[in-house]
Amino acid sequence: MRDPDRTVDPSSPMSASAFDSLLESIRSCRQCEGLIPEPRPILRAHPEARLLIVGQAPGQAVHRTGIPWNDPSGKALREWMGIERAHFYDPTRVAILPAGFCYPGRSEHGDLPPRPECARLWKTPLLKSLPAIRLTLLLGRYAHLLYLPETRSQRLTDTVREAARWLPDYLPLPHPSPRNRLWLKRHLWFTEDILPLLRIRLRALWEEGARKCSPSAISQETPLFMPTGDPHP
Ligand code: SF4
């Protein structure tokens with residue numbers, strides 16, 4: 001069930017400088033100039049990140065501050081996940097890549113959908129540059145569409161109800177926007193069944209990451225003296 005975009009060639013992992021240069025290219029992307037209020041790509045990533053969070057696109061508050069999930073939706077998401085801000089915003093643990101990186105503007109019905117150019121241009125190179133990702137949280141319909149285009153159900157509610165089906169790679173969830181409070185009230189199984197599942201998977205992910213970084217793991221898996229030269233061949 002792995003996204004083919006995420007297939008990483010272990011014989012040629014991306015170097016640190018190539019990764020920085022990819023992020024720099026995305027941050028200076030102006031592909032949607034004239035189509036959106038102001039190109040300002042907002043994302044976080046690091047090759048060591050084990051969790052990927054995919055939302056829709058920044059809202060106005062996030063666009064202003066440049067910090068993803070720095071709004072009531074982000075607060076709700078951190079509560080769902082049971083983690084603090086410092087953990088959430090540590091890019092070596094959590095990569096944050098919305099379906100569209102720039103604020104798309106508004107219509108009379110609310111924020112516009114994420115720009116399709118974004119995934120077309122950047123999804124494949126980004127996923128190939130994140131070899132450590134073990135779980136991807138898909139928040140809301142646009143994230144489901146982008147990552148589960150053929151296997152999701154037509155109704156978001158049905159996709160979320162069957163969330164365990166996409167484990168261990170993906171967990172499709174509703175968007176944690178306060179506007180979805182009514183949905184949460186109507187579907188108590190989400191709080192009772194899916195949120196505990198989310199927390200169990202996250203705990204396993206953090207524990208596995210901690211084991212990999214523990215001194216005993218380092219002494220068993222990593223030579224004490226690294227060979228000189230490029231540490232990311
Ligand atoms: S939305 Fe994506 S493709 Fe469009 S300008 Fe922003 S980063 Fe570039």
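Reader: Which helix gives the largest share of the shell around the ligand?

Author: Please keep in mind that this is a predicted model. The largest share of that shell comes from helix α5, residues 116-128, which supplies three residues.

Reader: And which residues come nearest to the ligand?

Author: The ligand has 14 residues around it, and those that come nearest are Cys29, Gln31, Cys32, Cys102 and Cys118.

Reader: How does the shell divide by class?

Author: Nine residues of the shell around the ligand are nonpolar, two are polar and three are charged.

Reader: Let us turn to the strands. What is the order of the strands in the sheet?

Author: The order is β2-β1-β5-β6, in an open sheet of four strands with parallel pairing.

Reader: Why is one side of β2 and of β6 left without a neighbour in the sheet?

Author: Strands β2 and β6 (170-173) stand at the edges and each has a single partner strand, so one side of each lacks a neighbour in the sheet. From one strand to the next, the twist averages 20°.

Reader: How many bridges join β1 to β5?

Author: There are four bridges between β1 and β5 (residues 135-139), and the two strands run parallel. Within this pair, Val54 has Leu138 of β5 as its bridge partner.

Reader: What about β1 and β2, how many bridges do they pair over?

Author: Strands β1 and β2 (residues 94-96) pair over three bridges, also in the parallel sense. Ile53 stands opposite Ile96 of β2, and Leu52 is opposite Ala95 of β2.

Reader: Which way do the residues of β1 point, and are they buried or exposed?

Author: In β1 (residues 51-54), Leu51 and Ile53 point one way, while Leu52 and Val54 point the other way. All of these residues are buried.

Reader: A change of topic, then. Which residues of helix α3 are buried?

Author: In α3, residues 72-81, the buried residues are Ser73, Gly74, Leu77, Trp80 and Met81.

Reader: Why do they line one face of the helix?

Author: Viewed down the axis of α3, the buried residues fall within an arc of 115°, and therefore they line one face of the helix.

Reader: And what follows α3?

Author: Gly82 follows α3, and the phi of Gly82 is positive, near 70°.

How values were computed
Residues numbered from 1 in each chain as written. Predicted model: local features only at pLDDT ≥ 70, side-chain atom pairs only at ≥ 80, totals over all residues. Near = placed C-beta within 6 Å. Nonpolar A, V, L, I, M, F, W, Y, C, P; charged D, E, K, R; others polar. Buried ≥ 20, exposed ≤ 12 C-beta atoms within 10 Å, placed from the backbone. Pairing = 2+ DSSP bridges. Axes fitted to C-alpha atoms, helices over the stretch in contact; angles between N-to-C directions. Arc of directions from axis to C-beta.
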